[in-house]
Every structure is written in C-alpha cells, then in structure tokens.
Amino acid sequence: MTILLLLAPISVGLALIGLGGFWWTVRAGQYEDPRGDAARILDDAHDSAP
Amino acid sequence: MSEATVGDLSAFIARDAGGLGRLELLVRGARCAACLGKIERGVAALPGVAASRFNLTTGKLTVTLAPGQGDPAAVQRAVEAMGYGASLFDPAQALAAEDRAGRELVLALGVAAFGAGNVMMFTVPAWAGLFGQELSPATREIMYWLAALVAAPCALFAGMPFFRSAWSALRRGKANMDVPISIGVLLTLAVSFSETLQHGAHAYFDAAVTLLFLLLIGRYLDHRLKAAARGAARDLLALQAPVAVRLDAAGREHGIPVGEVAVGDRLAVAPGDRIPVDAVIETGASEIDNALVSGETAPVQAGPGAAVQAGALNLSGRLVLRAIARSEDSTVAAIARLMEAGAQARGAYVRLADKAAALYVPVVHTLAAAAFVGGWALGLGPREALLRAAAVLIVTCPCALGLAVPAVQVAASSRLFRRGVLVKSGAALERLAEIDHVVFDKTGVLTEGRPRLLSYLPAVISAAAPLARASRHPLARALAERAGAGRVATDVVEVAGLGVEGLIDGRRARLGRAEFVGVSPSPGGESELWFGFDGATKVRLTFFDPVRPDAARAIADLRGLGLTVEILSGDLPAPVGRVAKAAGVTQWRAGLTPFDKSAAVTLLQGTGRKVLMVGDGLNDAAALALAHASMAPGTALDASQNAADLVFLNGDLAAVAQAIRVARAARARAMENFAFSALYNLVAAPAAVLGLVNPFVAAIAMSGSSLVVMLNALRMSWAGGPSR
C-alpha cells in the first residue's frame, strides 16, 4: 500500500496541471468568442509564416 | 440612423492614460469566417487605427485608435461600405458590458469539477470498505485524509459565491437560499474532519464538493440566461438612436450620445431620423410621424415654434431644434414614473424557486435539528446524532431544487431565441405562463406601421410614380413601391413638409399636400397625397396602414389557448374599428392617452386578471411596465423594449402565442421537477434520520436526483409545438 504514497500525489498533480490549464484559458479570454475563434483558424491571414 | 451625416464623433472614443483610444461598434450581418477577416483587415487599414478585433459571437468590433488620431465616422463608413450595418456604442455602456461575475462563476465551476472528480479517486476505495470488503481502517483513514486535502480547498474556493451571498443576506438580517447551502457545506466539511480525526467511517468530503459542483451548474445557467438577455437588449438599444447631432456656435455638426444632450442645445435632425429629445423647432418645416409616440397614424405638420417629442420621426425636411429636456427627462416624466411603479410591482413578484425554498428550508432544518436532538435523547450519543443531522442536510441538499428552474428556463429561452423571441429574465417566463388576457396596441403591432396605397387607378399611379420615386417621404415611397421601377421625374424640387414638384415628359406636376397642389384641404383621419399636372384636374391618393397578414390567425391562436383579446389604441375610432374587424377582435377602445392605457391595464389587474400587454410605442411603455407580462416587437422604441419582458425580433405575431405556449410548458416542467424533488426528499430525509445513509448512498442519491431534473429540463427543447 506504500505505492499509494507515490501514486496519489502524482495523480492529483496531473489533475492540478489540467486545472491550471483551464484557469489559464479562462483568464486569457478563450471563451469570449468561440465562433470567431473557430473561423479564425481557417483564415490564412492569421497563419504565421511556415 | 447609420446614414446620418454627422461631423465630429469623438465623444464615442474612450481614451486611456497613454492616449490610446478604444472604440466599440455593433456590426450586423457578419456571420462567416470571411466576413471576420474582411472587417478586421478593412478597418485596420484605415488611418489612425492601431488594431481591430471583431467578436463573431457577440457581433462587437473593438477598434484601438492611435493617440490623438482616428475618426469614428470613418470606421463606421468603412464597415457600412463593406455591406454591414454598424452602430457606435456609448463608451459607458461598453464598459458595463464586461462580465466579471460570469468569469468568476466559470472558475468556481472548474475548480468544483476538478475537486468532485479527483476526490472520487480516494472516496470510492473508501466506500468499498463500507460494504465489508477488505480495507483496513488505517488505509481508509489515509484515503479520507487525501480526500480532505483535495476537497477542503476546492469546496472553500468554489463555495465563495454562495458564502458571500449568504453573508451579505445575513448581515441585512435576511435569509436566502444560499444560507442553508453555506451551512450545509461548512457543516459537512466540519463533521467529516471530526469523523476522520476519530477514525470513523462517515466522512462526506466528496458530497461537499459534488453538491457545490451541481449547484454551480444551476447558478451558471441562470447567469448565462440573464447575461445573454442583457447583452441582446443592450445591442438593440445600440441600434436605435444613440447619436444626436449638436450644432456648435459656428454651425458645425458634432455627433454626441443622446444622454449628453443638455437643455438649450441646438440639434440638427435630418429627414428620416428620430427626434432625440423633447424640443422646439427653431428653423425648418417638416412633417412629424408620431406613430411610435402616440399611436396616431397620420403625420402632423410642424414648423418653427412647434414642440416635438422624443421618439417622433422627422419625415420630410431638415430641422434645427432647441432641446427643452434632457434625454432622461424627455420621455414625459409621468410615463417614466408609471414605468418605475410597474418595475417595483414586478420586483415584488416571488419566483417559483423562491416559493419552493421558503417551504423547503424551514422543514429541512427543523428535521435536521430534530434528528440531532431526538437521536441524542434516544441514546445515540452526540457524535452519532450529529452525523445523522449532517446526513439529513446532505441528502436533502437543494441541488435538484437549485437546478429545477434555471435548467428549464435556459432550455425554454434558447428555444424561443431560435424562434426570434428574446426573453429578458426567467421571472418573465414565469409571469408569462400565468396570463389570461392579452391587450394589443394597434399601430405597428397589429398593423405594419407603414402606409400602403388604398385607391387604385393604374393610370393615376403610373402618372404620379416618376415624382414619387424622387421623394423620400414615406407616403411617396409607398406609392413608388406600388408602381414598381420606372422613370424618375426631372428638375425635381422637394419642398419640406409640402411635397415635390418636377417635370414629367416636359409637363410640370406636383405631388404633395392638398394646399401644395392647389386644392382646399379636406378634414378626415386618412393619410393622403394629392397629384396633378399644372392646370389639369387634381387626384387624391389615400393611404392606410395595412393589418398584418398573420394578425387574424395569431389572435385565433391566442383564443385557442383560452385567452381573451382586446385592443387599446391611441388612434382614431375609424381605423381602430377597421383593424379590430380585420383581426377578429370584438373588444376595442380608441383615442386613449398613454395614461388611459396604463389605467385600463391597472383596472383589469385590479379585478384579478393577469394581463399580457403587447405594444411598441412610447404611449405603451407605461402599460408595458405595469402589465403582469409584456412583449414588444423589435421595431419598438427603446423605452418600450426596455419596459417589455420579451422582445420578438422578426415582427411575426405568431411569436406571441408561441412564447405563451413555451412559457406554459416551462412551468409544467419546473413543476414536475419540484414534484420529483419533493418525492425524493420524502424518501431520503427519513432514511437519513434512521441512519440508513452512508457516504456512498448520499453521493448516488444526490447526483442521481440532479441528473433526473436536468434530463427533464432538456425535454423543453421540443416543447410548445414544432419550431418553424
């Protein structure tokens, strides 16, 4: 059962990374314009040079 | 008023400390990816524009202007030249649009979701121990401590919206739904910690977080509904008349937000624009269309010295006005007061969920207290007694109750929105479901609000058409529309407020008011134009406001729903009677002032009727605010759209019956949800008192009941008949 002491922190840590990512997307305003973002990805002008 | 030619619009730019300007426009008609790139690149290429960003979801274009540069009018013209409609946002309104509360709720929801998901990892193995499987108490304790490590911070963070609201309610000496929720969450955490410390098996860390997660879903849905309605209502206002054209001492034109007009300002109003504030005409002559202000269909002649009201439409000549009231005071102070009274009456309306909470909270808390006191008295010991009380609070958590109404109302509103009906609040839907009497305004609601030619001598129409095509007057427009495309008269002179004169095949002809053409004016309520060649006989062309083709069917539809229908109009008896007959309404009254209308609505409600008012004019605004529920078409004046609960955007009267049907279906779904919650609590609460509930049962029961309520709400998507 000592393996728990290793696995539990790892799994919580991984989930925390996910939560941190979600936090960042909200702060960065990625949910402000879902339709516009879907359209932008198809627009060549927004591509960076290859 | 996008076509208005205005000089300086710098009042619409919000400058920051560094001098960078921010300008917001509402763009209409942009729907696709191509539009997005076209608008952004087109605007960014303008001189003085540093950057432009278009939000395709909200239709808002945000333009960053270089310090000291940039011309809002140029931006607006550029967007219009691309074929879209563009209106400027008042900077004060644009700032208010930022949605902080929504962002906070999303974060809380995300944290609660993380907590609810991860705490399961530790509590599910611990549950296995509850059913006699091999799990040593020491391992279970480790699991609970790990669960506490995840759950406690998550619950404290995700619970903040509830704690804050509960605290502010308690400080005012009141209790709301958030008080029992906060008590429940905090008590659950405390009991679980104490259980874990005493090596007990009954820790509810997962329940505390899951409860918040489910409640936050309901809270977030409710917020989305309100925010969407607020945003759409604000956009509609932005479309109306935010710009007034002020003349400075040198006679230069400056576009300013209507709210900034001061008493004594000189304002220019071009033909086709609305009068921004109550004012007196200084120079110029024109005809004024009061259809939205008083409901009169026939335009009124106005010259220097005449008073004009905010919201009236200037038809034929350019006017210079002197403002006699500010925008806030313009809409007749008495009407504004009546509207305020209506808003207060509505504020007192108790929503379904609050009625349910008022019943639920004392019952559950008494039961929990009784379980604690009774359990202790019957010899359970304080620890076991407290555990049972906590179990009662947890399994009867108001999750299902908190979701019951918002989930249904969000589904109902989005359904109505697809149908072109904008619902301003959930309470509006609840009130709409209760109505039993419908009052219609005539002009612009049952009728199209636009004149149409009544007399039809094809020879006369084609003779007068070349002159009509050269005029911007609405009656001439109606004539030209009837005649179709064709020649335009030459050498045309438009005399403001009188008519047009020009050459047709070399012969001089006039089209306009009776005295302009050389006939003595005849009294009567009808709208008319006279036409004649120089020296020839003059012909009279009468116009009427046609009844909407779907009016009769919409009213029959309402009768089918068991509602009584009535028309209250400010127009003359003859046209009102004609419309009532065409629409199939037997009960009608004409010649009413705005105060008569609101008094009639108040009187009806005094006798216990629940009235739905459907109106569009300023004369309806007070009645709209006072009625139990109200609807306005998207063409209505801003004051009326503000006062109305629902706005139907595509001017289709069938939307009224559709909205009522959906509102009734939504109430039925909400009632079913309450019935289910009551049934669930009736089983769960006694079980908790008897000690039959352990953390596993609590988790299953709680999320199961919420799921049932959500699924029932989704049935809303196909309620109220097929969507067309």
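**Chain A**

Of its 50 residues, 2% count as buried. Buried means that 20 or more other C-beta atoms lie within 10 Å of the residue's own, exposed means 12 or fewer, and partly exposed is in between, with C-beta atoms placed from the backbone. I then listed the elements of chain A: two helices and zero strands. Helices (H or I, at least four residues) and strands (E, at least two) are DSSP runs, numbered from the N terminus.

**Ground rules**

I noted that residues are numbered from 1 along each chain as its sequence is written, while chains are lettered from A and ligands numbered from 1 in the order in which they are written. As this is a predicted model, local features need pLDDT of at least 70, side-chain atom pairs count only at pLDDT 80 or more, and totals for chains, interfaces and linings use all residues.

**Confidence**

I checked the scores next. The model has ipTM 0.81 and pTM 0.69. Mean pLDDT is 80 for chain B, with 86% of its residues at 70 or more. pLDDT is the predictor's confidence in each residue, from 0 to 100. I marked two stretches of chain B. Over residues 1–6, pLDDT stays under 50, and the model has 17 contacts for them beyond four places in sequence. Over residues 720–724 pLDDT also stays under 50, with eight such contacts. Two residues are in contact if their C-beta atoms, placed from the backbone, lie within 7 Å.

**Where the chains meet**

I turned to the interface. Here 20 residues of chain A are in contact with 21 residues of chain B. On the chain B side, the elements giving two or more residues are helix H1 (33–44), strand S3 (49–55), helix H4 (100–130) and helix H5 (137–158). Which of them gives the most? H4(B) does, with eight residues. By class, I found 13 nonpolar, six polar and two charged residues on this side of chain B. Ala, Val, Leu, Ile, Met, Phe, Trp, Tyr, Cys and Pro count as nonpolar, Asp, Glu, Lys and Arg as charged, and the others, Gly among them, as polar.

**Two histidines in one loop**

I read the loop between helix H7 (178–197) and helix H8 (205–239) of chain B, where B:His202 sits. Is B:His202 buried or exposed? It is buried, because 21 other C-beta atoms lie within 10 Å. I listed its contacts, leaving out residues up to four places away in sequence: B:Glu195, B:Leu387, B:Asn694 and B:Pro695.

B:His199 lies in the loop between H7 and H8 of chain B. B:His199 counts as exposed, because it has 11 C-beta neighbours inside 10 Å. Its phi is positive, near 60 degrees, and it is not a glycine. I kept the background in mind: most residues other than glycine have a negative phi.

**Strand S19 and its partners**

I followed strand S19 (residues 499–504) of chain B. Five of its six residues are buried, so the strand is largely enclosed by the rest of the structure. S19(B) pairs with strand S18 (residues 490–495) of chain B in the antiparallel sense, over four bridges. Two strands pair if DSSP finds at least two bridges between them. B:Glu494 has B:Val500 as its bridge partner in S19(B). Strand S20 (residues 507–512) of chain B also runs antiparallel to S19(B), joined by six bridges. There, B:Ile504 stands opposite B:Arg507.

The hairpin of S19(B) and S20(B) has two residues between the strands, and B:Asp505 takes a positive phi near 55 degrees in it. B:Asp505 counts as exposed, because it has 11 C-beta neighbours inside 10 Å.

I looked at helix H19 (residues 551–560) of chain B, where B:Ala551, B:Ala554, B:Ile555 and B:Leu558 are buried. Down the axis of H19(B), these fall within an arc of 95 degrees, so they line one face of the helix. The arc is that of the directions from the helix axis to the C-beta atoms. Their cover includes strand S16 (437–440) and strand S23 (564–568) of chain B.

I traced an open, mixed sheet of seven strands in chain B, ordered S15-S27-S26-S25-S16-S23-S24. S15 (421–423) and S24 (588–589) of chain B stand at the edges with a single partner strand each, so one side of each has no neighbour in the sheet. S16(B) and S23(B) pair in the parallel sense over four bridges, and B:Val438 stands opposite B:Val565 in S23(B).
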